[in-house]
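Welcome! Here is a short tour for someone meeting this structure for the first time.

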Amino acid sequence: MAIDEASQQHDVAVVGYGPVGMVMAALLGQTGHRVLVLERYAGLYNLPRAAIFDDETMRTLARLGVAEDLLPKLRVQHSYEWRNGTGDLLIEQGYAETGRSGWAEWYSMYQPDLEEALDRLCRSSPTVHIRHDSPVTAVRQDADGVQLTLDGGEKINALYVVGCDGGNSFVRAELGVGQKDFGFSEPWMVCDFRFRRPAAVPPALQLGDPAGPTSIISLGPDHHRFSFMLDSEEAFAIERDPDKVWARVKRYLSREDADLIRVATYTFRSLVAGSWRIGRVLLAGDAAHQMPPFLGQGMCSGVRDAQNIAFKLDLVLRGRADAELLDTYQTEREPHVRDVIDKGIELGRTQTIRDPEQAAARDARLIARRAAAQAPDKIRFPGLGPGLLSDGGGALSVQAVVDDGQHKGLLDQVVGAGFHLLVRPAQVSVLRPHLDALRDAGVTVVAPGEGSGALPFVHDVNGTYATWFAELGVDAIAVRPDFYVYGTATGPGVAALAEDLLAVL
């Protein structure tokens with residue numbers, strides 16, 4: 001196949017317009033690239049799937065400019081309980097009011113609210129165009145670009161394609177990419193309610209009842225979800241009856257409290273695609289990996305994918321990096337995804353024990369462990385795998401409040417997006433020969449300290465950055481646009497880190 005160079009109209013075509021595709025399009029649109037989004041449905045899906053997201057995802061939403069509008073529609077959750085059938089507390093996971101990324105560590109949401117905000121953002125971008133009712137029926141590529149065929153025969157050309165088209169991804173299937181199955185597959189019935197009045201419903205609870213494992217999760221201030229493990233996929237046809245659903249939730253909700261707005265069945269799976277990049281086509285979100293929902297990391301993982309791909313595609317499209325940079329997407333992200341899947345499977349298997357004797361043994365073990373710990377558990381995820389990283393790189397960065405003398409707020413809102421080079425104020429003089437070149441390369445130098453003034457000097461309002469420098473024992477931290485640490489340096493190495501960044505960019 002030869003793609004006519006003169007007919008190129010789009011830098012990137014994004015297939016799928018769920019939250020991951022929306023974030024992908026918005027990020028690329030903010031950097032000025034011509035993006036076409038192709039969605040097979042006639043409009044927004046308008047039904048909730050994901051229920052929660054974390055502070056890292058909120059940092060992305062804030063960078064995109066939709067966080068403040070969303071906040072009134074979200075619920076901040078500080079604990080996540082796992083109990084047995086008789087109500088004994090087995091596991092309590094704690095979530096901070098302010099996490100590493102500068103936002104609360106757990107937000108519950110009603111997904112249509114998020115999608116409406118992201119849709120407005122994408123439609124406000126002059127370089128992003130969205131087409132509904134546009135299912136893709138073929139994907140072909142050569143060394144110069146990708147050609148997508150739509151239902152009806154229309155041809156679309158783009159330099160790159162990102163498949164964000166979900167667990168049943170057409171793009172993945174068209175590429176012939178297989179998936180590794182981690183062996184966790186369970187049918188569940190998901191029941192969503194809209195409150196009519198306030199009701200005392202647990203906001204975040206997993207019930208490990210061998211008679212019927214159950215999940216209860218807030219979907220923000222006005223909605224709630226009850227999920228019930230089924231004995232088989234066939235059982236859904238019987239259990240979906242509204243009277244049966246109301247009977248299941250009567251301990252918590254009555255028909256006077258809420259309306260039942262949705263009953264659906266899902267099979268929770270654990271799958272990872274073998275290849276996340278084939279030439280000029282990449283896979284993101286559920287198209288690349290699916291995970292059990294027990295950690296609420298499915299959508300979060302897809303947003304991380306979008307951040308990773310977007311800044312690398314930006315470098316490639318601007319001619320600042322070779323296309324081989326895109327190979328680092330999977331090498332960096334897959335170890336993180338596999339760790340989340342492993343943790344989710346472990347918790348899922350713990351909760352869904354159906355044998356009463358095994359469940360009793362589980363209860364005794366977890367109650368003893370909790371008594372010994374005397375504190376809520378904290379879920380920790382690993383950093384990135386090998387890729388676009390220097391010495392000391394790979395961990396998620398810290399974001400805190402700074403003040404430049406004119407604006408006070410979280411770092412991203414004060415100094416903007418892109419690469420950041422955080423340095424102790426005393427090290428700025430070492431960087432002076434490189435400051436102009438760093439600025440031209442899109443790197444913002446920031447020196448958080450006790451004083452304030454024109455950049456690079458900003459006031460470290462709560463001393464968070466001083467603590468972070470001390471914990472790492474370094475004088476400089478380079479942070480990538482996806483919020484992960486590129487590398488660190490001490491003393492004479494600070495100038496070398498700047499030169500390394502300039503070489504990369």
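Which residue lies over the face of Tyr-160? Arg-280 does, at 4.8 Å from the ring centre. Before going on, please note that this is a predicted model, in which local features need pLDDT of at least 70, side-chain atom pairs count only at pLDDT 80 or more, and totals for chains, interfaces and linings use all residues. Residues are numbered from 1 along each chain as its sequence is written, and side-chain values use heavy atoms, with hydrogens and water left out.

**Charges over rings**

A charge sits over a ring if NZ of Lys or CZ of Arg is within 6 Å of the ring centre and within 35 degrees of the ring normal. Here are two such contacts.

| Charged residue | Ring | Distance to ring centre |
|---|---|---|
| Arg-280 | Tyr-160 | 4.8 Å |
| Lys-180 | Phe-182 | 5.3 Å |

**Aromatic rings**

Rings of Phe, Tyr and Trp (its six-membered ring) pair if their centres lie within 6.5 Å; planes under 30 degrees apart count as stacked, over 60 as edge-to-face and the rest as tilted. By this rule there are 17 aromatic pairs. Tyr-80 and Trp-82 make a tilted one, 5.3 Å centre to centre with 50° between the planes. The planes of Tyr-95 and Trp-106 stand at 75° with ring centres 4.8 Å apart, so this pair is edge-to-face.

**Two open sheets**

Strands are DSSP runs (E, at least two residues), as are helices (H or I, at least four), numbered from the N terminus; two strands pair if DSSP finds at least two bridges between them. Two bridges join S3 to S7 (residues 107–108), and Ile-52 has Ser-108 in S7 as its bridge partner.

Another open sheet of three strands, also antiparallel, runs S12-S18-S21. Three bridges link S12 to S18 (residues 271–273), where Gln-179 is partnered by Ala-273. Helix H9 (residues 328–351) packs on this sheet and touches S12, S18 and S21, with contact meaning heavy atoms within 4.5 Å.

Terms used
Axes are lines fitted to C-alpha atoms, for helices over the stretch in contact, and angles run from 0 to 180 degrees between N-to-C directions.
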